[in-house]
Amino acid sequence: MGNCHTVGPNEALVVSGGCCGSDEKTYVVGGWAWAWWLISDIQRITLEIMTLQPKCEDVETAEGVAITVTGVAQVKVMTENELLGYACEQFLGKTVVEIKSVILQTLEGHLRAILGTLTVEQIYQDRDKFASLVREVAAPDVGRMGIEILSFTIKDVYDKVEYLSSLGKTQTAAVQRDADIGVAEAERDAGIREAECKKEMMDVKFLADTKMADSKRELEMQRASFNQEVNTKKAEAQLAYELQAAKEQQKIRLEEIQVEVVQRKKQITIEEKEIDRTDKELIATVKRPAEAEAYKMQQLAEGQKIKKVLTAQAEADKIRLVGEAEAASIEAVGKAEAEKMRLKAEAYQQYDEAAKTALVLEALPKIAGKVAAPLSRTNEIVILTGENNRVTGEVNRLLAELPTCINALTGVDVTKIPLLQKMSGQTAI
């Protein structure tokens with residue numbers, strides 16, 4: 001009894017042993033195989049691409065310069081039966097990491113050996129050639145392991161003593177120099193060639209300009225000759241036209257003069273009729289209205305004069321009547337005042353001395369209030385005198401003049417009132 005085993009295209013199936021105790025191995029890629037229980041041995045090996053990154057650090061070149069080189073290699077197990085058998089002999093039962101390690105060490109050994117035979121310039125300037133050399137040298141060794149190198153490229157080349165940097169600067173300077181020289185030579189050649197082309201162009205241009213000038217001169221001469229003939233014919237035709245036009249214009253002018261004479265006669269007749277119409281219109285529109293307006297103004301003036309005379313007479317009568325009324329009123333008022341004063345006088349004659357004194361005393365506060373009214377607005381009275389008893393004398397003088405003022409204001413002589421005479425006597429004592 002047995003089982004059927006299948007594999008994909010990325011793996012190889014290795015079947016060992018058979019039903020009769022044979023040691024023959026069968027290799028199946030992307031297919032199936034039959035295996036007997038407890039007799040056949042089934043193993044698998046990967047066919048996928050493996051990426052390796054070989055690196056050689058501080059390897060001395062042919063000139064003794066230590067450099068570091070890193071590369072990238074793509075390898076895989078070959079599928080031919082013989083080569084696949086070699087790979088199975090070497091790697092069957094190993095992991096992918098172990099397979100990569102073996103191949104990586106082989107590639108790094110060859111890479112290190114080749115670096116010792118080349119100069120830095122050869123390695124740096126032609127990396128593709130260097131990578132191809134490594135692939136050619138390493139391919140037979142890894143091929144005997146059943147491994148195929150699909151590609152190998154140099155990833156990076158550098159050193160720790162700045163040799164490559166200096167080499168790059170030197171190369172850059174040399175390239176720049178060669179470029180400048182090439183540019184200068186090219187510009188020189190271009191300038192020379194440009195000058196030659198310009199010279200040829202100017203020669204051709206001058207020759208063409210000369211031919212054009214000759215052709216233009218001949219053309220102008222012919223054109224002038226043609227223009228002369230044309231202008232002569234035009235002048236003759238113009239003169240004939242102007243002469244005929246003058247004759248026709250003269251005839252037209254004669255007709256126009258005759259028409260103007262007729263029009264002038266008609267205009268004079270129209271103007272005479274217009275003058276007559278204007279006279280009649282002025283008489284109707286100006287003279288007659290003016291005469292009517294003058295008559296109207298005359299009548300209005302007469303009316304205004306009569307109105308003013310009547311108004312003046314009415315105003316005079318009014319003033320006379322008002323004056324007579326005012327005179328009668330004044331006369332009545334005067335008579336009433338006189339009667340009032342007469343009655344007051346008769347009443348005063350009937351009063352005794354005590355009544356008169358009472359009237360005077362009643363009037364004195366009012367008189368004093370009127371006299372003192374201006375003094376109520378006075379804050380301070382200052383009497384200037386050089387003597388000590390002068391103030392007393394001024395006050396006495398004012399009091400002495402007070403009866404005179406009262407007599408002048410009221411007509412009552414307070415000095416003749418017995419009561420005041422007695423009070424003045426006591427004050428004097």
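# A tour of charged and nonpolar sites

Select Arg 217 and Asp 214: a salt bridge joins them, with the closest N and O atoms 3.1 Å apart. A salt bridge here is a side-chain nitrogen of Lys or Arg within 4 Å of a carboxyl oxygen of Asp or Glu. The model is predicted, so that local features need pLDDT of at least 70 and side-chain atom pairs count only at pLDDT 80 or more, while totals for chains, interfaces and linings use all residues. Residues are numbered from 1 along each chain as its sequence is written, and side-chain values use heavy atoms, with hydrogens and water left out.

Both Arg 217 and Asp 214 belong to helix 5 (residues 163-350), where 3 residues, about one turn of the helix, separate them. Helices (H or I, at least four residues) are DSSP runs numbered from the N terminus, as are strands (E, at least two). Arg 217 is partly exposed, at 45% relative accessible area, and Asp 214 is likewise partly exposed, at 31%. In these terms, buried means under 20% relative accessible area, exposed means over 50%, and partly exposed lies in between (1.4 Å probe, protein chains only).

Next, select Lys 55 and Glu 57, whose side chains form a salt bridge (3.1 Å, N to O). Lys 55 is partly exposed, with 35% relative accessible area; Glu 57 is also partly exposed, at 47%.

Proceed to Arg 253, Glu 256 and Glu 260, which a network of salt bridges links. Within this group, the closest N and O atoms of Glu 260 and Arg 253 are 3.6 Å apart. Glu 260 has a relative accessible area of 41% and is partly exposed, as is Arg 253, at 40%. The model has 15 salt bridges by the rule given above.

Now select Leu 254, Ile 257 and Val 261, which make a nonpolar surface patch of about 240 Å². Patches consist of residues with over 30% relative accessible area and no salt bridge; like charges are joined within 9 Å, and nonpolar side chains (Val, Leu, Ile, Met, Phe, Trp, Tyr) within 5 Å. Accessible areas come from the Shrake-Rupley method with a 1.4 Å probe, and for residues only the protein chains shown count as cover. Ile 257 lies in helix 5 and is partly exposed, at 37%.

Finally, select Glu 271, Glu 272, Asp 276 and Asp 279, which form a negative surface patch. Asp and Glu count as negative and Lys and Arg as positive, with His and the chain ends not counted. The place of a charge is taken as NZ of Lys, CZ of Arg, CG of Asp or CD of Glu. Asp 276 is found in helix 5 and is partly exposed, with a relative accessible area of 45%.
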